[in-house]
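Hi there,

Here is the structure I promised to pass on to you. Have a look at it first, and my notes follow just below.

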Amino acid sequence: MARHVIEVRGLTKTYSPHRAPVRALDRVSFTVDEGQFVTLVGPSGGGKSTLLLILAGLVESTTGEVWVDGEQVRGPVPEKIGIVFQDATLLPWKTALANVEFPLDLRHVPRGVRRERALALLEMVGLQDFADRYPHELSGGMRQRVAIARGLVQDPRIVLMDEPFGALDEQTRTKMGQELLRIWEKTRKTIFFITHSLTEAIYLSDVVLVMSPRPGRILDVMPVDLPRPRRFEMMGSEAFGQARNRIWKLITEGEG
Amino acid sequence: MQRTALAGQLLFVGAVLAGWEAVSQWRWVDPSLLPPFSAVIQILWVFLRDGAFLADLQVTGVEVLTAFVIAAPLAISTGFLLGEKLHWGEVVNPVIHVVLAVPQSIFLPIFILAFGIGFLEKVIFGITHAYFVIVVNTVAAVRAIPAPLVVAARSFGATPVQIYTRIYLPAMLPLVVTGLRLGMIFNIIGVLLAEMYASRHGIGRLIFSWGEAFQIRELLAGILLVSVATIALNEVMRLWEARVGRWRSATLGS
Amino acid sequence: MSRTQAVRIGGLAAALLAWEGVSRLGWISPIILASPSAVLAAIRADGGVFLQAFEVTLAEIAIAIALAWSLGIGVGVAAGSLPRLGATAGPLLSSLFAIPLIILYPLFVAWVGMGPASKILFGAASGFFPIALNALSGVRCLDPRFALVARGMGATTGQIFFKVLLPLALPAIISGLRVGTSLIIIGVVVTEMLASVGGVGFLISYHRTMFNTGHVYLGIFLALLAALLVNRGLSHLEERFGRWRILEQTRA
Ligand SMILES: Nc1ncnc2c1ncn2[C@@H]1O[C@H](COP(=O)(O)OP(=O)(O)OP(=O)(O)O)[C@@H](O)[C@H]1O
Ligand SMILES: [Mg+2]
């Protein structure tokens with residue numbers, strides 16, 4: 001049995017701004033195995049992003065613990081965890097290459113080394129010819145690929161992705177999903193992926209975590225029994241439809 | 001959140017005033033250079049019941065109001081025409097922006113050479129300070145009218161008058177009010193500067209002569225009064241701005 | 001010489017000619033409108049004096065700029081990156097911005113005298129507010145995820161500040177510098193006009209009382225020239241550091 005690379009125990013998060021406190025997460029526990037592709041789906045405002053930020057060590061939980069790779073998370077662990085957000089959050093005054101290099105630049109990695117590493121990653125996401133372009137010269141899909149390359153550049157074992165394809169049109173989105181699977185199969189990272197799209201969740205992942213409306217609880221941990229490599233036609237299969245229906249039912253009943 | 005911010009601001013202002021009182025009372029600074037806050041308030045209280053002072057205040061008030069009452073409609077109609085008739089706008093707008101970027105204050109000596117020293121010169125100087133900001137904001141307001149709304153209203157059979165009052169007006173108002181507020185502030189600056197530079201009446205003149213005569217207590221009282229008055233005016237206009245602009249923040253926020 | 005340059009120079013020459021023509025026609029009294037030749041005469045008569053005064057004025061402006069820029073950016077960025085402080089300081093600063101600062105000038109004169117110090121103080125004060133306000137809102141408007149991503153990459157607080165937040169806010173900061181700096185220049189010259197013993201503003205006022213309109217125009221031109229030069233410099237700065245912002249906007 002593969003070991004748990006992420007282990008979450010009894011996470012609760014209450015935001016307490018100046019007025020009424022907001023409970024975003026309620027006793028969330030789950031584990032993720034090494035090399036797994038896990039997605040998290042759930043209604044808007046349910047606390048998904050909050051969970052991801054806690055996993056990354058960027059937000060403190062109110063109670064509960066997160067263990068990554070046998071160590072408790074108490075702050076950012078950039079050498080273990082890479083992050084990719086929606087809208088890419090690339091630095092607009094840096095080229096694609098410089099953006100991918102940026103995390104290494106922060107740690108004073110010598111120029112030659114980081115350039116080589118960044119170029120290799122740009123090549124992996126298929127953007128070797130766009131290294132000198134600025135973010136505003138790239139399409140939405142390309143920007144998101146740069147962000148993925150940036151998330152991978154420190155060679156983390158885990159990549160956390162918060163709706164990375166949320167702002168893309170459906171065709172680009174499907175293509176990016178396939179691309180991501182290819183990268184995942186090549187690198188064998190553990191991926192924790194947030195999405196609103198049930199189709200995307202099932203198509204991509206080994207396991208789907210279904211979250212309730214706020215305060216977020218894990219309603220179900222649902223393994224996806226579709227063979228790999230995934231192919232586009234599988235979306236029409238019966239197993240796919242059944243999985244979709246099940247998640248939909250969980251979410252809507254959870255709301256009612 | 002807003003309440004704590006307001007409390008913080010009041011606290012800050014209170015602390016500054018208390019600090020002012022303290023350093024002067026305890027003679028950490030020369031009280032002839034910075035008389036205590038309480039002394040300044042006392043003399044301000046005397047002024048506010050002094051007919052001569054009130055007459056000077058009135059002179060300034062009338063100048064400011066006259067300039068504003070002339071500048072506002074003039075500037076709004078200019079801005080509306082420039083914004084509506086796009087082909088004029090293309091030609092004139094860059095010119096207005098250049099004029100706006102050129103500081104008017106520096107031309108004060110020429111205004112005096114042209115109009116002499118007096119009411120007319122102050123009012124005209126105030127008008128030129130207010131005019132251009134209002135024009136620029138009105139043009140922006142016309143440009144901000146959502147075209148699809150106008151088309152939709154037409155398709156519902158709205159008359160031109162209805163389109164002006166129901167769509168143009170509410171859509172334009174927030175930016176126009178911003179322009180009016182800035183115009184008012186610039187106008188006040190213009191009139192006060194003109195009074196300080198050369199004049200026989202007005203609060204600007206008083207402030208300047210108190211400075212020359214080294215009457216710091218009176219000078220501070222004047223500064224305090226003008227500051228409080230302009231801040232209050234600005235806040236009132238900001239409230240108005242927020243009121244007519246509520247729909248904007250509601251759709252743009254979040 | 002490029003075409004646009006030729007057009008510009010031609011336009012300028014035409015404007016000068018028209019100006020001279022209008023003055024010669026005598027529709028407008030020469031007391032109000034000095035002709036180019038009157039300005040030239042002023043240069044011939046007192047060019048050296050004006051140049052010396054211009055140096056004084058420029059030095060005052062330079063010191064005021066140094067003060068206002070550093071204090072304005074420092075206070076603005078600091079208040080912007082601390083949410084609590086920003087929520088308090090923002091509205092306070094913009095309320096204070098409504099005060100016609102010019103009324104403080106007599107106080108400055110009483111405190112530090114009629115010399116350059118009072119002009120520097122006033123110039124710096126009038127530049128401070130727009131610079132601080134723009135820096136503050138520039139930092140506050142940033143998407144908080146930029147800082148989060150950087151921290152997730154292992155950036156230190158200093159790195160987040162200097163490598164992410166400051167560059168992101170730079171276009172907003174520079175547009176504050178533009179407004180603030182032109183206020184500084186005008187503030188210095190106008191206060192020289194009001195009460196002083198030197199500088200271009202002093203000469204403007206002096207010659208106004210003598211009805212030497214050509215001299216008055218010359219002084220005003222020098223002040224505008226200073227404003228133009230600084231504006232040019234800032235445009236370069238904007239182009240260098242804010243290019244991506246402009247490109248992004250033209251794309252959208
Ligand atoms: N920094 C914060 N301070 C206060 N409340 C917050 C903060 N961040 C999030 N919240 C609140 O916590 C709840 C969960 O937010 P979160 O962003 O985690 O939801 P989400 O599931 O990611 O939503 P979406 O699908 O729309 O991205 C929301 O009600 C939100 O308003
Ligand atoms: Mg989210």
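About 2,200 Å² is buried between chain C and chain A, and carbon and sulfur atoms account for 68% of that area. Please keep in mind that this is a predicted model. In terms of residues, 20 from chain C are in contact with 26 from chain A.

What about charged and polar pairings across this interface? There is one salt bridge between chain C and chain A. The side chains that form a salt bridge are those of C:K163 and A:D105, at 3.7 Å from N to O. Three residue pairs are in polar contact between chain C and chain A, with both residues at pLDDT 80 or more.

The largest share comes from α6(C), with seven residues. Sorted by class, the side of chain C that touches chain A holds 11 nonpolar, three polar and six charged residues.

B:L81, B:W88, B:V91, B:V92 and B:V95 make a nonpolar surface patch of about 440 Å². Which helix gives the most to the nonpolar patch? That is helix α4 of chain B (residues 86–101), with four residues. B:V95, for one, lies in helix α4 of chain B.

Best wishes

Note on methods
Residues numbered from 1 in each chain as written. Chains lettered and ligands numbered in written order. Predicted model: local features only at pLDDT ≥ 70, side-chain atom pairs only at ≥ 80, totals over all residues. Heavy atoms only, no water. Contact = heavy atoms within 4.5 Å. Buried area = accessible area lost by both parts, 1.4 Å probe. Salt bridge = Lys/Arg side-chain N within 4 Å of Asp/Glu carboxyl O. Polar contact = N/O pair within 3.5 Å; in protein donor to acceptor, adjacent residues only side chain to side chain. Helix = DSSP H or I, 4+ residues; strand = E, 2+ residues; numbered from the N terminus. Nonpolar A, V, L, I, M, F, W, Y, C, P; charged D, E, K, R; others polar. Patch = residues over 30% accessible without salt bridge, like charges linked within 9 Å, V, L, I, M, F, W, Y side chains within 5 Å. Areas by Shrake-Rupley, 256 points an atom, 1.4 Å probe, with all protein chains shown as cover.
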